[in-house]
Structures are given as structure tokens and as C-alpha cells.
Amino acid sequence: MKIIFDKSIQGRRGATLPQLEPGIDAQLKIDKRYLRAQPAELPELSELDVMRHFTELSNRNFGVDSGFYPLGSCTMKYNPKICEKVAALEGFAGLHPFLPQLPQGSQLTQGALEVIYELETLLCEISGMAACTLQPLAGAHGELCGMSLIAAYHRGRGNTDKKEILIPDEAHGTNPASAVGVGFVTKPVPTDPKTGRLDITALKGMINDHTAGIMLTNPNTLGIFNSEIDQVVELAHSHGALVYYDGANLNAVLGAFRPGDADIDVMHINLHKTFATPHGCGGPGSGPVCVRENLVEYLPISRVVKKQDNTFALDYNQPKSIGYTAPFYGSFLVYLKAYVYILSLGKQGLIEASQHAVLNANYLMNMLKGDYELPYDRRCMHEFVLSASKQAKQGVHALDIAKALIDRGFHPPTVYFPLIVKEAIMIEPTETESKETLDAFIQAMKEIAAAAQSDPKSLNAAPVNTRISRPDEVQAARGMDFNLGLQNE
Amino acid sequence: MSYISNTANQSQEMLAACGLSAMEDLFQDIPARLKPQSFNLPEAMSELEVHRHLKRMAGKNATNLTCFLGGGYYEHFIPAAVDAATMRSEFYTAYTPYQPEISQGTLQAVYEYQTQVCRLTSMDVSNASLYDGSTALYEACQMALNATGRARIIVDGGVNPIYCKILESYMANHAEIKLTKIPAAPGQAQRDKIKAALCDETAVLVLQNPNFFGTVDDHSDLVEKCHKRSVLVIQLVYPIAMALLKTPGELGVDIAIGEGQSLGIPLSFGGPYLGFLAATKNLVRKMPGRLVGRTVDRNGKECFVLTLQAREQHIRRDKAISNICTNQALCALRAHVYMSLMGREGLRELAGICHARAEFAKERFKQIPGVLVLENAPTFNEFTLQLPKKADAVVGELVQRGIVPGLPLGRFYPEMENYLLVAVTEMRTKAEICKLAESLESVL
């Protein structure tokens, strides 16, 4: 398929623009020395050309609406269409973010401020935490915000020695980079090979007066719930350390466990996972941060407050705040969709979402564990991790299995993550998938396991039913072809 | 309204297959002492009810304003085809293109987006997007610190004050990094103050064009000065203005960043937006975020793939150059569709319209007694007015009449409480500009 710039025809136009009214001088009032020498060589296309191009590109993609997408750790659930319809309402999409900061301005955005206030309240109740900020723009951005809160907390207490963050090796990939981004040093805590959970004895040996905090993911990336989480929290608190809860896996525990009830200090929630906002080819996301009482005063500015007359306003008077983490109030149109989702499902719907997510995962795990190695053979939560170690002996690796699934019409699970499982295949079906879909996936996985024994080479060749075969990644890194050069270069 | 497909019978069958009888059995790992102390949430709403409810809330927001607000975030018209193309669910319900064989749509689109950004800014390499312009500044500063091994950042007074605030809150955690802020003043970059601030520990100078006050500048002398001392330069640019103005690439800037909201992304009450970041070739391995490269598949067929992932958090963990994972792919796609529709001539013409209307507004406002248009240098589509009284009072009064005359600057700079920043895009007609002028006359 041609690159869009190669479809360009000189003089073709894809957009119409308004004419200047009589009396407005079209002459440029900027001296030539400030102007670019040549126009930007953007493509010249008609609207139809553009629509055909992007329609063709979309045909080369695979989304949740295309088929089963059991990408572990990413919670690829169905994205309800009502959320998109609401987000397109002019009363939300058209609002300039400076409006409520103007004198008399908050009256212009009461509906939007109410959405923020109400959603923060709902997320606090769902998580059991005391307060929430919707500002962080994605999960990793939430981690950065949460780590900043922990840093500010310790600074506020003069705890200058607290420089280390302990992170279990079964935690999410972003965690160490987020802690380092705030100036901490990270140390990995091993997983107990028997339980698949954080090794609490090892943790006891590592925690000391330098420990600023611990980052937990529960259920962890193996899909296992740590029932000792309250003891971990107690241990941390007894050393003056705070506990961060990575809420990436919250879809497993809605109405079944609230981090706040275990005295977690700070957490983020990935709205694009648990609360069904679309992943959009990789973003935008939204990563609200919730805190316990001890961190409320450090939350980023601004905060939305409800006044006595039941109107809403922005509050910038937060002297201990970590300051601005986003230019305004976060990814408003993203979390608006999460708000619509929560209202649609209601209390019972949210509880059932987690129940079905966990049931779907356990069903798949039980049906597949005869064919693939299951390193941690115990009940799982919303996801589980298989290993292709059996198949690897025949020369069929996790990547081959992933590609063979593509040939059979499925998006592959996450592979080679978590790092603590060799040949990892991390499967998260989500609650919205039906038994028929799961059964078809089981069938495909079984066929692949059989082919690994009978005809391993066929799997090494996969995928064969796609528009391209496996890309040459070495060539990509070496060639450094990141954009189409200009002809005169 | 629930989106679960399985019926009660199917769930029972599946539970039985797991050797369980009830849903609660699935949660036995959660001990009783950890069960929720409360879960007090509203009852479910039907799609109709939820739509009505949200429409009512949207109705509490003002939509019929004549608005001259800018400050880095601009109301531009969005062609219908932008929504039609990007709302294809093969795009918006997909995730990061980890599986290139079924993600060529995303990957090619990102490659094309990277090309659009490079052509707009005349830079060598663009990444796949960052959260927004302000966090792009933070990431660009990290890049520069990393590349130079030096510790001081100098930020010109013309840089958006919100961006500065965000930079300050991140830097608060890094005592080793030092920030010099050149005092803000409307007009071009204050050369003498910047040159005086440059020192051997300076890693990077941050400039903005047009700057926060709307002033257009030619920073080539500053770039030259910086490069002589091995100091890098970040330039923050407004993408629509790039259709006309001298580009960061032409100026020799090392890292160009900006807010891509103007490129087909609605104002959305603050987000999601789009941070773009493009750099010179030699800085590519220091770049944060995703990067798509062109390569070939096993059969020699041209294709696209995520590349140089060794920079990223999921591979390098604590050694990664940034923690960014999720980016703004769908917003970048919107910008790409928008630029494709506008095209070479369309974007230039659009920039010309914004500029012409803003110039008309300047001329008209000059006729208002007591109003001063600050113009010791050219402006693009935004300019600063000095009013004979507090801008807050003027704005407060006009907002009641449905006109938002601009952004009062006293909120950011206490010494500028009579200053008003006015933005004019293609959305504002001659009649509306005249109406604003008359309204100003009536309250001043």
C-alpha cells in the first residue's frame, strides 16, 4: 500500500476554508526574515483520497471490535458506543480549558466540573481511598504523580534518608522507570516460586530506614491475588515507608477488594483498562490517582470543590501541593467515558464485570493447562500466565504461538512478559467475551499445541494469512528509516 | 446496562468446568478481613437514561460563547472527515501495535504522522507522540540533560507559564537539576538576559515561537550562541503557525516540541491533547516514547514496525530514558488526518486567514481609547493588549454577555494585571471581532 505522500497530486485540495470578509487585508504582516523558505510538503489530496487511504489503513488493523484480544495486562474489554456519543457532545468537547479559570468563569463549566467531582467521588468509593485526582494522563503518568506524592510526603517530614523504592519483580514494567523518574533508586523484591507472590521473608530482609515506599500490583502480573497485602502494608508503615498500589489490574477485584481497606497510601487506576475507555492504538489513556488521608494535602493542583450552594469551583490554594502535573484537569474526554461506563453498569454491573472477568480467565486456564505448562497452578484472578516451555523443546516459542494465533483470527496474548516466567504467554480474556469465543480460542490453542509436536516448522513460518509476514526488526533498528525523506534531500 | 455476553447457564457451565459452583468461589484468595467495608455506588442506568443524564450535564456548560481565548490552546474548525476516519473502530479499539502483522494500519499511520511532523518543523526525526505539549517540554529537557551531561535549564520568559509550572513540579524531585527562568515580558526574547544566563553548566535553552504573548521571533542568533557553548536548544512551536514561520529545523534547533491540539483535536476541557517531539538525527537514541521504522518482512515486502525499543520502560525498566508507555496514538492519528486534509496549500491558507483576522483585530482595537496593542515585533494570530483597567474586571463583565475577550495575564504575572492576551482563529468572523471591539469600548 502506498504511503500517503506518494498519493499526493499537486494542486489537489481536501479542505475548504472561509473567505476573508471585505475590509480584511490578506497581506502578510510578518517580515520575510521570520518566514519559512518553502511550504511544508504536506500531501495534496481530496477528501475522498484521504478517506480511502485511512479506510484502507484501518483494514490492516485489528481492534476489540474485530475479534478476541486477550492481551494480558491490557484489559482489552469491549468499549461501549454510548461513551463515544456522550464524549462528542459539544457541551463537553467544545469547552476551552481556561474558561473556569476566568473571573465569573466557573459558571460557564458547571457541568464539566460536576463530572470531575462526581467521578472522583465514585473512584474513591470503588477504591476505598480518601481522595482522587483525575489529572494524570495515563497509567505511567499516574505512577509518576504517585511517586511524586510519596517524595513530597517524605520531604515534608524531613525524611531525607528515604531514597529507595522496593518493587516486586512481578510488578508492571513501567514501575521502576516511574520511581527513577522521581529520583528514587529501585530494588527488586523476588517472587516466592512456590506461591507466585511477593516473597515476604525477602521483603523483611530488604526493608529498612532508607525505604521510601513499596510498589505493589495486586493481583500481580501472574494474575495471583496476594492475601497478605495487609501485612505487607503494615510492615512498610512500621518502617515509615508508604505503599503504592498499581491499579492496572483493578478489573479483577471490583466490589471484591478495595486497596483503601488494606491501608494502601496511594494508587492509580487505568481508566482505559478497567473502565472501558478505548485504547486508541496506544492512547490516549487516563490514570487517576487516589490517596489516603495522609497524602491529600500533596495532591496536584487544581482541585475541584463543591461549595455550600452546591456549585463547583476550582481550588488552587493548596500550599503543600506537588504542583501542576498536567496543564489542566487531565484527559477530560477520556475520563468522561469512564464516568458514563460506571453510571451504565452501576454497583451490580461493576461487581459482575469482575466476576465474569475472573471466571473467563479461570475457564481458559483450566481448559489449556493440559496442553501448556502452567507454572503457577492455582486459581487465578482476571489473567494467568502459561509457559511455552514444552513447545520450546520442539523449537516452537511463545512468539511462534502468538503468530499462529493470528493466522487463526485472534489477537495474540502478551508474550515474554512477565519476565519471571520463561516463554511467558499472558492471557487476559476480560468479562465481555462469550463462552463461544473462549471455546474457539481454546480450540485454536489446542491445535497449535498439537502442531508443535507434529509439524513445528509450520508454526515457525506463521503468520501466513496476513498481509505481511514477520518484519525484520534488526533491519528496522539499523536502517533508522523513521520518515519519508524529501526528494531533494 | 451490562456488556457481559454470557448467560447464567453458560456461566454455570464454565464454573462447573473449573470445579466450582458459585461466582464467590472464584474470590477465595481474598480473605474475609479484606472484603470491602463499603461499595456504595448508584444503581445501573439504561443507555437512554445515561444519555439524558449526560446531555443535561453538558447543557450546564456554555457553548454559545464568542471566544477569543488562546494561550496555547486554540479553537480551530475540524473537518468532518477527521472524525469519520479516526472513529473507525479498527483504530480506536486497537492497542499499541505490538503485533505488526495485524497492526500495519496503525504503524503506517504513525510513520506517516512522523513524516508530517518532520516536514512541518523541518526536523530529522519525530517520535510517535507524547501526552501533550507541556509534558513534551519535560521530556525534551530530560533528553537534553541526558545528552549533554549538564544540569542547568534556561527557560525564556516567553515560554507558556503553564509549561513552566509543570517543569517546576517535576524538577522539584531532582535537586541536582537547576532551572533559570528569564523574567517574562511581552515582545521578543530578551537576548541580553539570556546571554547573561548562559554558563558552562547550561544544558539547554528553551524558547517558544510565537511566544506566549503572541510575538514572532527569529531565534537563529540565540541558537548560534548556544551551539558555540555546546548548549542545546528546545523550541516550542504552534503547529498552525509552522505553515508560515521559520521552522525549528531552519533555525538549527535541536529539539522541536509543541501542542498538537490545533491539528484537528477538540479543546475538550483540557484533554486528551497531543504532544509532538522532533529532534535532530543524532539525538534519536535519547528520544522518549514510541518510534516506528520502515523495514521489510521475511519475503522482502515493505512494512512498518516499532523500533529502537531498547530505550523504553518495558525493556530497560529502571534504566529506561522515560517511563512513558501509553501515548496519544489516536490524537496523533487525528492530527495526521487533519494535516492530510489541509495539505500543503490548505494549511498555509488557514494560517494566513488566522493572521489576517488577527491583524484586522489589532487595527480595530487600536482605535479604542486607552487600549494599547503591544507590538514592537510581528505577531501571528495572538497578541497582547494593555487595557486602562484590570483585565480581570473587563473579562468578568463581558463573560456575562457571552463574550470571552481573551486571557487576563495577571493570573500568571501579577505585574501584568491590565494585560489581556487575545487569540483570533479562522473561527472568529469580522463581525465578531467588531462586536468585541464595541463591547470593550462600552466597558472601558
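View 1. A nonpolar core is here a set of buried Ala, Val, Leu, Ile, Met, Phe, Trp, Tyr and Cys residues joined through C-beta atoms within 7 Å, where buried stands for 20 or more other C-beta atoms within 10 Å of a residue's own, exposed for 12 or fewer and partly exposed for values in between, with C-beta atoms placed from the backbone. The model is predicted, local features need pLDDT of at least 70, side-chain atom pairs count only at pLDDT 80 or more, and totals for chains, interfaces and linings use all residues. Residues are numbered from 1 along each chain as its sequence is written, while chains are lettered from A and ligands numbered from 1 in the order in which they are written.

View 2. When residues up to four places away in sequence are not counted, Val206(B) touches Leu137(B), Ile153(B), Ile154(B), Val155(B), Asp156(B), Val159(B), Ile234(B) and Leu236(B), contact being defined by C-beta atoms, placed from the backbone, that lie within 7 Å. Ala147(B) belongs to helix 6 (residues 133-148) of chain B; helices (H or I, at least four residues) and strands (E, at least two) are DSSP runs numbered from the N terminus. Ala147(B) counts as partly exposed because it has 18 C-beta neighbours inside 10 Å. Leaving aside neighbours within four places in sequence, Ala147(B) is in contact with Leu232(B), Leu283(B) and Lys286(B), and its C-alpha atom is separated by 10.0 Å from that of Val204(B), 57 residues apart along the chain.

**View 3. The hairpin of strand 9 and strand 10 of chain B.** Strand 9 (residues 292-296) of chain B, in which 4 of 5 residues are buried, runs antiparallel to strand 10 (residues 302-306) of chain B and is joined to it by 5 bridges, two strands being paired if DSSP finds at least two bridges between them. Gly293(B) stands opposite Val305(B) in strand 10 of chain B, and Gly300(B), in the hairpin with 5 residues between the strands, takes a positive phi near 80 degrees.

**View 4. The side of chain B that touches chain A.** In this assembly, 173 residues of chain B are in contact with 175 residues of chain A. Helix 12 (residues 329-366) of chain B supplies the largest share of the chain B side, 24 residues.

Methods:
Contact = placed C-beta atoms within 7 Å.
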